[in-house]
Amino acid sequence: RCESLVEVYFQLQQQVMAASAQLGPELLPRLLERFNEVLSSLVKSSFLVEKQPPQVLKTQTKFQASVRFLLGPRLLKAAPKPYVVRADMVTEKQARELELSTYSNTLSESTGEIVHNTVALETNPTSGTCCANFKNVLLKKIKRCERKGSESVTEEKCAVLFSTSVALTPSNASIHLQVLSLPIVVIVHGNQDNNAKATVLWDNAFSEIDRVPFVVAERVPWDKMCDTLNRKFMAEVQTTKGLLKEHYFFLAQKIFNDHSASLEDFQSRHVSWAQFNKEILPGRGFTFWQWFDGVLDLTKRCLKSYWSDRLIMGFISKQYVCKLLSTAPDGTFLLRFSDSEIGGVTIAYVIRGKDGSSQVENIQPFSAKDLSIRSLGDRIRDLGQLRNLYPNTPKDQAFGSHYNSEQGGLG
């Protein structure tokens, strides 16, 4: 499409030049100047990031990226040698200045040191593409900028700026091309990864397409947050079984710290960035996102098949579990994600006394490390007090396909 627009441009330019005598000395220069503006705009918009750098980027770690010049095969075919594309780190403030100046400015100073940051812009005659492939890039160090108030380093967004200058044939006019990557959060330690992912998720999910870099809403509708959490969960776990209404209800109670509102009440609420990943959950040592990300990681690593078979209720409060199990037969159990620990799954089961009284017990949560030693299915088989998965499925019927082939349980 870009190429056909350029062809139309050159045809029109030729027609204007052919009619130059009739157009007169005043109109012709104005038309030609306007043509050059149109061409410049078209050419600049055809310089794109094809492979984005990682949005959570650790210093001293190699990464890959690529840019593509859609009009390169048409406009650079007579170039004597390949042009070179440069990659630089820019702050959010620099990205904003570059954007607002409609890319007329060049970068004054890089905010980080990138090794192997220049690559040739090469045309491939077979595929008809013109690309610069950064295969061995390394961010050596990052220069942090001043942050606002309580903002942490993992809330600081920057980007990679890819730039080059090309001379277009046949006019030989020089055009500066530059394009920004998606926002990036730079970390120096692995323990910053979780909070950096929160910043990136919020930005990707809730930013407007035509925004000033990298402005994003501080508060978003709860239903949009539900959709985001569901998409994230399904993508990370790689399952077709998403979150259910009752899961959203539990998550709303957790993030808003409100156990009196109804499901409908939550639908009209907005959730803030602070509630998502700045404020510590009551009585805990972690934020909502840190807890949710722990569930994601555990499910992805150890519980994917159980979740996909709908054997894990998961997102449910301890209080509601007691309500469900208190009237169930002896040995009825269900699985929920731990409230008190990050990345734990626990088994709740009911013990019914001879007098008919019931007591709900919660087994110490299993972590990913625990489940890598012995699987959840085998642990359930081991525990003789567990009989039926709530509401009434015999455990061997529910979990039999998840047992390893060794002999039966311990109790």
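Colleague: Is arginine 387 buried, partly exposed or exposed, and what is its relative accessible area?

Modeller: Arginine 387 is partly exposed, because its relative accessible area is 47%. Buried means under 20% relative accessible area, exposed over 50%, and partly exposed in between, with a 1.4 Å probe and protein chains only. This is a predicted model, where local features need pLDDT of at least 70, side-chain atom pairs count only at pLDDT 80 or more, and totals for chains, interfaces and linings use all residues. Residues are numbered from 1 along each chain as its sequence is written, and side-chain values use heavy atoms, leaving out hydrogens and water.

Colleague: With which residue does arginine 387 form a salt bridge?

Modeller: Start with the general idea. Side chains of opposite charge can pair when their charged atoms come close. The rule here asks for a side-chain nitrogen of Lys or Arg within 4 Å of a carboxyl oxygen of Asp or Glu. Arginine 387 pairs with aspartate 330, and their closest N and O atoms are 3.5 Å apart. Aspartate 330 sits in the loop between α11 (318-325) and β13 (332-337), and arginine 387 in the loop between α13 (376-382) and β16 (388-389), so the pair ties together parts that are 57 residues apart in sequence. Helices (H or I, at least four residues) and strands (E, at least two) are DSSP runs, numbered from the N terminus.

Colleague: How far apart are the closest N and O atoms of aspartate 227 and arginine 231?

Modeller: They are 2.9 Å apart, in a salt bridge. The two residues are four apart in helix α6 (residues 222-237), so about one helical turn separates them. Aspartate 227 is partly exposed at 37% relative accessibility. Arginine 231, at 57%, is exposed.

Colleague: How many residues make up the largest nonpolar core?

Modeller: In soluble globular proteins, nonpolar side chains tend to be buried together. A nonpolar core is a set of buried Ala, Val, Leu, Ile, Met, Phe, Trp, Tyr and Cys residues joined through side-chain atoms within 4.5 Å. The largest one here has 56 residues, and Phe276 and Phe315 touch the most other members. Helix α10 (residues 288-308) gives the most, with 10 residues.

Colleague: Which residues does a second core include?

Modeller: Val49, Ile114, Val137 and Ile175 are among them. That core is separate and has 36 residues.
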